[in-house]
Amino acid sequence: MIEFLCISCKNRKNSSMKFILMGLLFISSLRAAEERFLEKIRFSKDLTAVVASGDFEPQGIGSFTARFYRADDAAVSQDFDVDNFVAGILLERDGVIEKVEMLDIDGDASKELIIAVRSIGSGAYLSGFALTLRNEVVQIVAQDPGMLKDANVALELGRIARSKK
């Protein structure tokens with residue numbers, strides 16, 4: 001690729017041009033890394049959840065993880081809230097993670113981890129995932145891969161979750 005870009009140079013072996021182009025490629029790779037979604041949220045009194053898009057993946061498609069860690073108040077106060085891994089899940093995404101929140105969507109008095117993903121295509125449709133941790137296992141409470149672009153993800157997932165009961 002660098003050789004191709006140097007065709008316009010009088011001398012293809014122009015090392016300074018190659019150095020500049022390699023630097024630009026490096027900077028663009030750092031920019032991609034900056035756009036990776038990564039968020040930590042307190043799931044419950046003793047649990048922290050971390051949601052992250054996949055490493056080195058295109059921004060608009062790939063995967064994401066939701067990981068849960070156990071930590072008491074003393075650990076949290078010392079910023080050790082992700083030291084004790086409990087469980088996690090890897091899921092496919094078609095778009096970028098737009099929002100992560102904690103809500104009780106199924107009426108069971110415990111909150112679910114809600115993840116909204118927006119497609120980068122012309123429809124800008126939404127996908128939603130509701131996750132919980134039961135018996136040290138991450139469970140999908142509800143998911144919907146094809147919501148309209150102006151849908152309320154939590155409400156739609158709540159409707160799906162309640163219909164399963």
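A residue is taken as buried when its relative accessible area is under 20%, and R93 in the predicted model is therefore buried, its relative accessible area being 3%. When neighbours within four places in sequence are left aside, the residues in contact with R93 are S53, G54, E57, P58, Q59, G60, I61, G62, S63, F64 and V117.

The loop between β2 (47–53) and β3 (62–70) also holds F56. In contrast to the burial of R93, F56 has a relative accessible area of 89% and is therefore exposed, the threshold for that class being over 50%. The C-alpha atom of F56 is separated by 8.5 Å from that of R36, a residue 20 positions away along the chain.

Strand β4 takes part in an open sheet of four strands, arranged in the order β1-β2-β3-β4 with antiparallel pairing. The edges of this sheet are formed by β1 and β4, each of which pairs on one side only, and the twist from one strand to the next averages 20°. Within the sheet, the antiparallel strands β2 and β3 are joined by seven bridges, and A49 stands opposite F68 of β3.

Aromatic pairing was examined across the whole structure, and three aromatic pairs were found. One of them is formed by F43 and F68, whose rings are arranged edge-to-face, with a centre-to-centre separation of 4.9 Å and an angle of 80° between the planes. This pair links distant parts of the chain, since F43 is located in strand β1 (residues 38–44) and F68 in strand β3, 25 residues apart. Both F43 and F68 are buried. A further pair involves Y69 and F85, whose ring centres are 5.7 Å apart and whose planes meet at 70°, so that this arrangement is likewise classed as edge-to-face, a class that requires planes over 60 degrees apart. Because Y69 lies in strand β3 and F85 in strand β4 (residues 84–93), the pair ties together parts of the chain that are 16 residues apart in sequence. As regards accessibility, Y69 counts as buried because its relative accessibility is 10%, whereas F85, at 46%, counts as partly exposed.

Strand β7 (residues 126–134) runs antiparallel to β8 and is joined to it by eight bridges, and D144 in β8 is the bridge partner of G128.

Technical notes
Residues are numbered from 1 along each chain as its sequence is written. This is a predicted model: local features need pLDDT of at least 70, side-chain atom pairs count only at pLDDT 80 or more; totals for chains, interfaces and linings use all residues. Side-chain values use heavy atoms; hydrogens and water are left out. Helices (H or I, at least four residues) and strands (E, at least two) are DSSP runs, numbered from the N terminus. Buried means under 20% relative accessible area, exposed over 50%, partly exposed in between (1.4 Å probe, protein chains only). Rings of Phe, Tyr and Trp (its six-membered ring) pair if their centres lie within 6.5 Å; planes under 30 degrees apart count as stacked, over 60 as edge-to-face and the rest as tilted. Contact means heavy atoms within 4.5 Å. Two strands pair if DSSP finds at least two bridges between them. Axes are lines fitted to C-alpha atoms, for helices over the stretch in contact, and angles run from 0 to 180 degrees between N-to-C directions.
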